[in-house]
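My notebook is open and I want to look a few things up. I'll take the entries one at a time, starting with a question.

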Amino acid sequence: MFHSPVIECQGVCKAFADGDSVIKAIDQVDLEVFGGDFICLYGASGSGKTTLLNLIGGLDRPSSGEVFLDKHPLSHYSDDELTDLRLHKIGFIFQSYNLVPVFSALENVAFILQMQGFSNRDALAKSEYILQQVGLSKLMHRHPAELSGGQQQRVAIARAIVAQPKIVLADEPTANLDSKNSEQLLQLMKQLNQELGTTFIISSHDPQVIQAAERKIELADGKIIHDSLA
Amino acid sequence: MSDRQQQFINRSVRQLAWRNLWRHKTRSWLTLSAIAITTLLLVFMLSFQFGTYDTMKQQNLSLMSGFAQVQNPEFAERPNLQNGFTIGKNWTAILDQQSQLKHYSFRAQSFAILSNLSDSKNRAVQIIGVQPQREKSLSSLSQNISAGNYFTDQNQVMPIVLGKQLADALELKIGDQLQLLGQDAYGSLAVELFTLVGTFDLNISELNSQLAQIRLSDFQQLFAYQNKAQQLVLKTDKLEQMDKLAKPLFQKLEQDAYPQNLRWRDWKDLQPGLYQTIQMDIASAFLWYSALLLIVVLIVLNTLYMSILERHNEFALLHALGMHPSQISRMLSFEMLLLISLGLLLGWLLSVIVSAYFMQVGITFPGMEELFAQFGISGTLYPQLSLMSLGFVPLVFLLSWFLMAFMVRFRIAKIKPLTSRQL
């Protein structure tokens with residue numbers, strides 16, 4: 001663990017209008033995430049886990065407060081700069097895998113590198129290596145529709161880490177998987193976390209994930225009510 | 001970012017666009033087919049229409065008027081012997097130097113009364129003095145000789161060729177003599193005996209019953225019109241060549257004929273009825289074609305736009321992963337351009353094959369010959385591929401693509417990155 005936080009939230013609030021009333025999805029959250037952390041955000045539905053993940057990932061902007069990535073305040077970034085930041089520094093894993101259906105597993109992973117300006121050859125070579133790491137070396141030419149849920153999520157993980165981002169944000173990554181696949185996926189993420197030092201922030205209801213996390217942060221009504229190290 | 005990196009990115013965007021195109025094969029093929037069939041139909045119909053116009057122009061203008069004429073400026077309004085011109089000394093040399101000018105001939109015309117020798121029948125006619133050898137390659141009249149010949153015997157004294165109906169009305173046979181009574185350029189009587197050497201049948205009643213032709217030299221002698229004419233009739237291989245030739249040739253002729261005033265009359269001026277008929281037909285046809293094209297374009301654009309709207313989450317995902325809205329809209333524009341271009345290419349290919357085939361064999365309309373003859377065209381028509389027939393449909397589709405690309409860009413610019421809440 002490093003001393004300088006990769007992510008820092010200072011008094012972050014996110015409010016949504018709901019008719020005449022205002023709902024505070026995130027309420028005055030202060031948080032520091034360090035390089036190499038393996039964090040699970042947990043809490044009841046509507047507690048603010050996903051909203052917090054979106055704010056950290058630059059997918060959404062806070063109503064007040066500030067999110068820092070490598071000490072740079074995200075509010076100072078334009079939309080285009082935030083897009084570049086997501087491409088280069090943040091990996092995303094979604095509950096529904098969200099792979100590009102017209103691309104093979106290999107192309108899905110390589111696409112991130114190609115969008116960064118890598119040559120086709122370099123991108124494919126690097127992606128092949130990552131897919132081997134996640135155990136999909138024999139399936140890399142299959143399209144998402146030809147893969148199981150667990151396999152698709154592995155591709156999503158490969159896509160998230162292929163560009164060696166500072167941080168990987170995973171939103172309910174095991175929600176659509178059975179317990180066996182969930183376990184395997186969790187082990188894979190932990191392995192990558194330990195081998196590559198990539199920071200993982202996972203939002204989940206899944207007790208397996210909560211148990212596996214080194215740091216557990218519980219949210220309720222948009223506030224952090226519990227933050228503990230394993 | 002270096003240019004090379006930018007190239008890699010653009011390539012990836014294009015690759016994704018190409019893959020997306022075939023995501024729903026049936027839909028893409030249906031859209032592509034709609035564009036291809038529309039292109040095929042419209043290119044062929046336009047080619048057929050322009051081919052018909054071409055035939056109409058060729059056949060009408062080849063009958064008498066040629067592709068252009070040089071006249072006295074007053075001749076069009078008052079076509080009498082006073083409104084002629086003196087043939088310039090060097091005109092023949094100037095005309096012979098024009099490589100694109102294939103045929104030319106001088107003519108003079110007047111009105112006269114023709115009578116048979118028994119004086120039992122007479123008719124007022126338009127009498128035209130022509131240069132027979134030149135007219136043979138210039139005017140289709142000489143190819144429609146129904147009896148006798150078209151001034152083939154150069155030793156024949158005062159030969160005359162009449163329309164078939166006119167000869168019948170005067171009860172004349174080939175070899176019969178007839179009397180011409182007219183008024184020369186100075187107002188004196190012009191009287192001469194002519195020998196009927198041929199009759200023509202043009203399927204145009206007015207010409208068959210009212211037209212007579214004699215040699216220009218005889219005309220000039222009879223009507224005191226030495227070295228003068230009223231029309232210099234010009235013809236090139238293709239009508240368009242005359243437009244290029246017109247200005248420099250006319251300048252040279254005018255210089256040589258100074259101080260005479262001359263007037264250049266192109267085919268539109270010579271045959272305003274034909275020109276206006278074609279223009280009106282083009283206008284009404286384009287109205288129909290545009291309506292048809294508009295319907296197809298709107299259907300295609302609607303399909304494309306719907307496919308874009310239903311992929312909103314996918315674009316939001318790409319944006320979340322780090323793709324800029326400008327790159328997404330570029331990808332979509334490229335997708336649409338690919339689809340439209342493939343459809344146009346297929347349609348073009350088919351239309352060129354179909355049109356090329358009918359350009360060779362022609363299209364015949366059995367039983368329509370009489371109707372077509374009224375417009376001076378034969379029963380077989382040939383499509384004519386042109387820049388206009390090939391370019392009209394692609395132009396409309398590409399303009400529509402441009403509009404669509406603008407709409408897509410506007411819409412995608414507002415897209416937000418995918419968040420888990422949207423799933």
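Among contacts in chain B between residues at least 6 apart in sequence, what percentage join residues at least 24 apart? I looked it up and got 77%. A reminder to myself before going on: this is a predicted model.

**Entry: chain B as a whole**

I went through the secondary structure of chain B and found 14 helices and 14 strands. The radius of gyration is 32 Å, well over the 22 Å from the globule rule for 423 residues, so chain B is more spread out than a compact globule. I also checked the box along the principal axes, and the C-alpha atoms of chain B fill roughly 110 × 50 × 30 Å.

Next I looked up the domains. The assignment for chain B gives domain 1 as 3-61 + 274-422 and domain 2 as 73-261. I noted that the centres of these two domains are 51 Å apart, taken over C-alpha atoms.

Of the 423 residues in chain B, 48% count as buried. The chain exposes about 20900 Å², and carbon and sulfur atoms supply 57% of that. For charges, I wrote down 35 positive and 29 negative side chains, with the centres of the two sets 19 Å apart.

**Entry: a glycine in chain B**

Is B:G51 buried or exposed? B:G51 has a relative accessible area of 2%, and anything under 20% counts as buried, so B:G51 is buried. I found B:G51 in helix 2 of chain B, which covers residues 25-65. Leaving out residues up to four places away in sequence, B:G51 touches B:Y382, B:P383 and B:Q384. I also looked at B:G362: it is 311 residues away from B:G51 along the chain, yet their C-alpha atoms are separated by 9.9 Å.

**Entry: a cis bond**

Which two residues of chain B does a cis peptide bond join? They are B:Y258 and B:P259, and omega is about 10°. I placed B:P259 in the loop between helix 8 (239-257) and strand 12 (263-266) of chain B.

**Entry: chain A as a whole**

Then I turned to chain A and got seven helices and 10 strands. Its radius of gyration is 17 Å, close to the 17 Å the globule rule gives for 230 residues, so chain A is as compact as a globular protein of that length. Its C-alpha atoms fill a box of roughly 50 × 40 × 40 Å along the principal axes.

Here 58% of the 230 residues count as buried. I put the accessible surface of chain A down as about 9600 Å², with 48% belonging to carbon and sulfur atoms. The mean positions of its 19 positive and 28 negative charges are 5 Å apart.

**Entry: helix 2 of chain A**

I picked out helix 2 of chain A, residues 79-89, where A:L82, A:T83, A:L85, A:R86 and A:L87 are buried. What covers them? From chain A, the cover includes strand 4 (64-69), strand 6 (90-93) and helix 3 (105-115). Helix 11 (312-321) of chain B is also among the cover.

A:Q28 has phi near 50°, a positive value in a residue other than glycine, and A:Q28 lies in strand 2 (residues 21-34) of chain A. A:D221 isn't a glycine either, and its phi is positive at about 50°. I found A:D221 in the loop between strand 9 (215-220) and strand 10 (223-229) of chain A. At 64% relative accessibility, A:D221 counts as exposed.

Methods: Residues numbered from 1 in each chain as written. Chains lettered and ligands numbered in written order. Predicted model: local features only at pLDDT ≥ 70, side-chain atom pairs only at ≥ 80, totals over all residues. Heavy atoms only, no water. Helix = DSSP H or I, 4+ residues; strand = E, 2+ residues; numbered from the N terminus. Rg over C-alpha atoms; globule rule 2.2 N^0.38 Å. Buried < 20%, exposed > 50% of the residue type's maximum accessible area, 1.4 Å probe, protein only. Areas by Shrake-Rupley, 256 points an atom, 1.4 Å probe, with all protein chains shown as cover. Lys, Arg positive; Asp, Glu negative; His and termini not counted. Charge placed at Lys NZ, Arg CZ, Asp CG, Glu CD. Domains from an automatic or database assignment. Contact = heavy atoms within 4.5 Å.
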